[in-house]
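Please read the following report alongside the sequence and the model.

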Amino acid sequence: MPNTAANKRVHVAVGVIVNSLGDILIARRASDAHQGGLWEFPGGKVEVGEGVREALARELNEELGILIELDSCRSLIEISHDYSDKVVLLDVWRVTQFRGEPEGREGQPLRWVSPQSLSDYAFPAANTAIVDAIQSAETV
Ligand SMILES: Nc1nc2c([nH]c(=O)n2[C@@H]2O[C@H](COP(=O)(O)OP(=O)(O)OP(=O)(O)O)[C@@H](O)[C@H]2O)c(=O)[nH]1
Ligand SMILES: [Mg+2]
């Protein structure tokens with residue numbers, strides 16, 4: 001296969017985790033990571049042979065120590081974004097059913113924030129569409 005941007009695209013499973021108050025969990029990316037120092041919705045790369053929701057469950061368990069209910073996850077939005085150094089496909093899921101209290105298993109700071117206050121945080125460029133989708137879902 002030719003080595004094009006399309007087949008180098010990184011598939012990422014991302015969770016918009018909502019608690020019983022309607023607040024959303026964000027985490028700060030390590031300063032040495034891609035898009036480091038910015039806030040993110042927890043998640044990570046889908047591995048070969050893995051389904052996206054299985055990847056989401058694995059990543060949220062590794063990064064936060066929670067167990068999510070796969071059947072209750074709802075697709076929120078898919079975003080393809082070209083950073084100059086890599087292309088990502090963010091496969092974003094709304095997660096409302098989970099067991100355990102999220103903790104930053106990799107030392108990452110966590111914060112629960114209201115949908116409207118997401119605008120106060122700096123996210124990677126690809127996330128603008130995610131924040132818009134969350135905030136417009138809130139107003140319908
Ligand atoms: N998890 C996550 N990744 C995001 C978001 N927005 C965004 O552009 N990304 C990009 O998606 C890519 C993969 O995410 P990741 O770094 O969390 O992957 P991972 O957990 O598997 O990390 P690892 O490579 O250290 O094992 C990164 O290039 C990251 O910059 C987001 O909101 N959440
Ligand atoms: Mg990650």
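The report below begins with the basis of the model and then goes through its parts.

## Basis of the model

This is a predicted model, in which local features need pLDDT of at least 70 and side-chain atom pairs count only at pLDDT 80 or more, while totals for chains, interfaces and linings use all residues. Residues are numbered from 1 along each chain as its sequence is written, and chains are lettered from A and ligands numbered from 1 in the order in which they are written.

Helices (H or I, at least four residues) and strands (E, at least two) are DSSP runs, numbered from the N terminus. Two strands are taken to pair if DSSP finds at least two bridges between them.

## The four-stranded sheet

An open sheet of mixed pairing is formed by 4 strands in the order β4-β1-β7-β6. Since β4 and β6 stand at the edges, each with a single partner strand, one side of each is left without a neighbour in the sheet. The twist from one strand to the next averages 20 degrees, where axes are lines fitted to C-alpha atoms, for helices over the stretch in contact, and angles run from 0 to 180 degrees between N-to-C directions.

Strands β1 and β7 run parallel and are joined by 8 bridges; Ala 13 has Asp 91 in β7 as its bridge partner, and Ile 17 stands opposite Val 95 in β7. Strand β6 (residues 74–82) runs antiparallel to β7, again with 8 bridges, and Ile 77 stands opposite Val 92 in β7. β6 and β7 form a hairpin, with 4 residues between them.

## Helix α2 against the sheet

Helix α2 (residues 52–64) lies across β1, β4 and β7 and runs at about 65 degrees to β1. At 1.5 Å a residue, the 13 residues of α2 should span 18 Å, and the 17 Å between its end C-alpha atoms agrees with this; the expected span is 1.5 Å times one less than the number of residues. After α2 comes Gly 65, whose phi is positive, near 75 degrees.

The buried residues of α2 are Ala 55, Leu 56, Ala 57, Glu 59, Leu 60, Glu 63 and Leu 64. A residue is buried if 20 or more other C-beta atoms lie within 10 Å of its own, exposed if 12 or fewer, and partly exposed in between, with C-beta atoms placed from the backbone. What covers these residues includes β1, β4, β5 (67–68) and β7, contact being defined by C-beta atoms, placed from the backbone, that lie within 7 Å.

## The three-stranded sheet

A further open sheet has 3 strands in the order β3-β2-β9, with antiparallel pairing. Here β3 (39–40) and β9 (110–113) stand at the edges, each with a single partner strand, so one side of each is left without a neighbour in the sheet. Strand β2 (residues 24–28) is joined to β9 by 4 bridges, and Ala 27 stands opposite Leu 110 in β9.

Notes
Contact = placed C-beta atoms within 7 Å.
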